[in-house]
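Reader: I am new to this structure. Please take me through one part closely, the packing of a helix pair, and then link that part to the rest.

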Amino acid sequence: MPQSTILLLFFLGSLVIAGVFWWVWRTSRQPAPGSVEPLRRWIFVGLLLFVGIFTALTLWRMPYFLYAEELPERVIHVVSRQFAFALSERPIETDAEYAAALGQTVELPLGKVVEFRVTSFDVNHGFALYSPDGRIVAQVQAMPGYVNRLRWRFDQPGEYVAQCLEYCGAAHANMQARFVVR
Amino acid sequence: MKALDRITAAWIITVTLVFPIAILLGILMRLNQANVLELSPLTFYSFMTAHGLLMVGIWFVMSMAGVSYLLQRYVEVRVWPITFGYVLTLVGVVLLLAAIFGGGFHTGWYFLYPLPFYARTEEWATMAFLLSLGSLGVGWFVWSLGLLVAILRKYPLTRALAWHHLVGKSEPETPPFILISTTTLLGLVPAFVAAVILLGLFFMEYLGGVKQDALLMKNLTFYFGHTLVNEMLYFGIAALYELFPALAGKPPYRTKPFVALAWNLVLVVVWTAYFHHLYMDFVQPTVLQYVGQLASWIAPIPAIAVTAFSVLGTVYRSGIKWWLAPTFFFTGVMFWIIGGLGAILDAIVANNFVLHNTLWVPAHFHTYNLLGNVLFSLGFITWFVREQSGDDGSRLYRPVATLYLLGGAGFVAAFYIAGALSIMRRVDKYPELVANGGVWALVGALFAILVLVAVAIYTVHVVRRCWRVLAAA
């Protein structure tokens with residue numbers, strides 16, 4: 001779901017909730033016999049339906065299986081370390097390989113599946129891909145001792161920024177890497 | 001019981017004095033992000049660590065203090081576990097502040113492994129921080145056990161959990177307050193066990209150099225942290241169940257079968273919802289990610305269906321006299337649900353893929369904490385002050401309620417919008433990538449200042465009256 005749709009759903013839902021509370025608050029100023037008890041069952045059923053429908057619509061859209069049936073066009077190894085990402089088409093397993101990969105220019109193909117193999121040499125980091133218009137399109141965590149595999153297909157050309165999204169220390173805000181999709 | 005009055009007054013004074021300081025830290029952070037201030041990164045992240053830990057800590061203990069006080073209506077409450085919790089909390093907070101401001105410890109409130117071994121300027125800071133957590137953990141665990149034992153002395157476990165109500169029996173009645181307090185206290189036990197294991201593993205690495213598994217540590221951290229915050233909210237709900245009907249001039253709530261079912265479900269579901277914190281760790285077994293989404297979506301049903309509906313039904317055509325205490329409870333429930341909506345939208349894995357660690361996260365947890373859980377505790381505090389002093393704070397009603405609610409709503413709205421714009425959380429300065437982050441930080445800070453003014457006024461009112469309770473001893 002795009003972020004703008006999520007925000008819209010949230011604000012609409014919040015308005016409905018606030019509206020119900022405001023209406024009930026207004027009725028409290030005119031005491032009279034009456035009960036909303038008969039509505040309880042319907043509200044419960046409504047909530048169950050809401051949860052059921054949303055779960056059915058969303059549960060199968062897990063990012064873990066993105067493009068699982070396709071062979072990735074490129075594999076990019078990503079190693080995170082306070083406070084820089086090293087990206088390379090070759091595995092990075094040593095400090096020397098990490099240092100050599102820092103600042104390498106990476107170009108990725110447009111419209112093809114790319115697999116990022118993301119890990120960390122020190123603490124937990126986040127590896128979030130920001131599109132050229134500044135929106136997150138995908139992300140995965142970088143965890144020491146583990147390799148997280150993220151598959152993504154870039155449909156928009158331009159310069160992307162990989163930004164650390166897991167707080168990792170004093171220079172966390174500046175932990176970025178850039179690559180070009182064309 | 002005078003001793004219980006005094007320890008409750010002591011908790012209230014402590015919490016309401018720390019609260020504005022913690023808010024101020026948050027405002028300074030937002031002003032720094034807005035480029036109005038220039039804090040060093042270390043100062044910013046120290047403030048961030050202190051802000052998070054203080055907020056979670058003070059509102060956890062305040063919600064516990066509220067339940068401890070109200071529990072005397074049903075069972076004999078011993079004061080020593082509460083006092084023990086108070087003393088160890090003070091020790092823990094002193095150690096914590098020493099670690100943060102003396103040792104440059106700046107890991108953020110959830111100290112994700114192995115960051116405590118990196119984000120510090122003095123090596124001893126990690127030890128001071130771990131000892132601080134140990135002190136807080138032991139104090140709170142003993143206090144929780146004290147309350148649980150007090151309940152179980154009078155109510156056998158199955159009766160405290162209202163299982164006989166599940167099968168349709170209405171006698172002997174388990175009061176909802178006992179049911180909710182019991183499920184909440186039981187829910188805390190495994191969280192404390194997880195914390196003990198977590199601390200033990202941290203100590204093994206600190207003292208013995210034994211490297212730990214980052215995925216296991218992350219699971220333990222979030223199991224403990226998520227459960228603690230959730231249970232804190234339920235303590236607040238317990239106080240609401242106990243006090244709100246009387247405030248509205250209605251008879252007490254009864255434990256009906258669906259109420260018993262709801263809170264027994266909450267007890268179980270709360271243990272598995274924390275998986276949503278690890279959605280972006282693709283190496284976590286995928287089945288747990290499914291469990292995380294399902295549990296996160298199921299968890300609010302019993303709470304909303306029962307609590308919100310009960311509160312709305314109580315207020316409907318009631319003629320209730322609105323003053324600070326019922327207003328805090330009523331609006332607290334409303335924002336709790338709104339925050340819950342923000343949370344469950346984020347708990348969809350496909351949405352979390354683009355929202356994780358953006359400002360959407362502080363948006364929803366500030367909604368159900370600052371505007372939910374905190375309001376439940378403020379409702380209790382306001383009621384307690386009236387019980388002790390006869391003053392219901394009617395002069396404060398309009399300014400405090402208006403400033404707090406308006407300020408709080410504007411403050412969290414700025415977070416939601418910024419989160420949807422992919423602006424990240426936990427950065428001292430926004431990179432060029434999200435240059436408009438500063439604008440939303442300034443909007444948030446300005447609204448938060450309204451909250452701070454309301455809290456300052458309220459704190460003076462509360463502290464003066466609670467001080468008299470202490471002085472009367």
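Author: Helix 3 of chain B and helix 4 of chain B make a left-handed crossing. Left-handed means that the near helix is turned anticlockwise from the far one by less than a right angle; clockwise would be right-handed. Helices here are DSSP runs of H or I with at least four residues, strands are runs of E with at least two, and both are numbered from the N terminus. The model is predicted: local features need pLDDT of at least 70, side-chain atom pairs count only at pLDDT 80 or more, and totals for chains, interfaces and linings use all residues. Residues are numbered from 1 along each chain as its sequence is written, while chains are lettered from A and ligands numbered from 1 in the order in which they are written.

Two packed helices are described by the angle between their axes and the distance between the axes. Helix 3 of chain B spans residues 80-102, and helix 4 of chain B spans residues 124-154. Their axes come within 8 Å and cross at roughly 165°. Axes are lines fitted to C-alpha atoms, for helices over the stretch in contact, with angles from 0 to 180 degrees between N-to-C directions. The crossing angle therefore makes helix 3 of chain B roughly antiparallel to helix 4 of chain B. Angles over 145 degrees count as roughly antiparallel, under 35 as roughly parallel, 65 to 115 as roughly perpendicular and the rest as oblique. The contact of these two helices has 18 nonpolar residues, 7 polar and no charged. Nonpolar covers Ala, Val, Leu, Ile, Met, Phe, Trp, Tyr, Cys and Pro; charged covers Asp, Glu, Lys and Arg; the others, Gly among them, are polar.

Now a second pair in chain B. Helix 1 (residues 2-33) and helix 16 (residues 437-471) of chain B have axes that come within 8 Å and cross at roughly 160°. That makes helix 1 of chain B roughly antiparallel to helix 16 of chain B. Their crossing is left-handed. Here the contact residues are 25 nonpolar, 7 polar and 3 charged.

Chain B also touches chain A. That contact takes 63 residues from chain B and 69 from chain A. Two residues are in contact if their C-beta atoms, placed from the backbone, lie within 7 Å. On the chain A side, helix 1 of chain A gives the largest share, 14 residues. By class, this side of chain A has 38 nonpolar, 24 polar and 7 charged residues.
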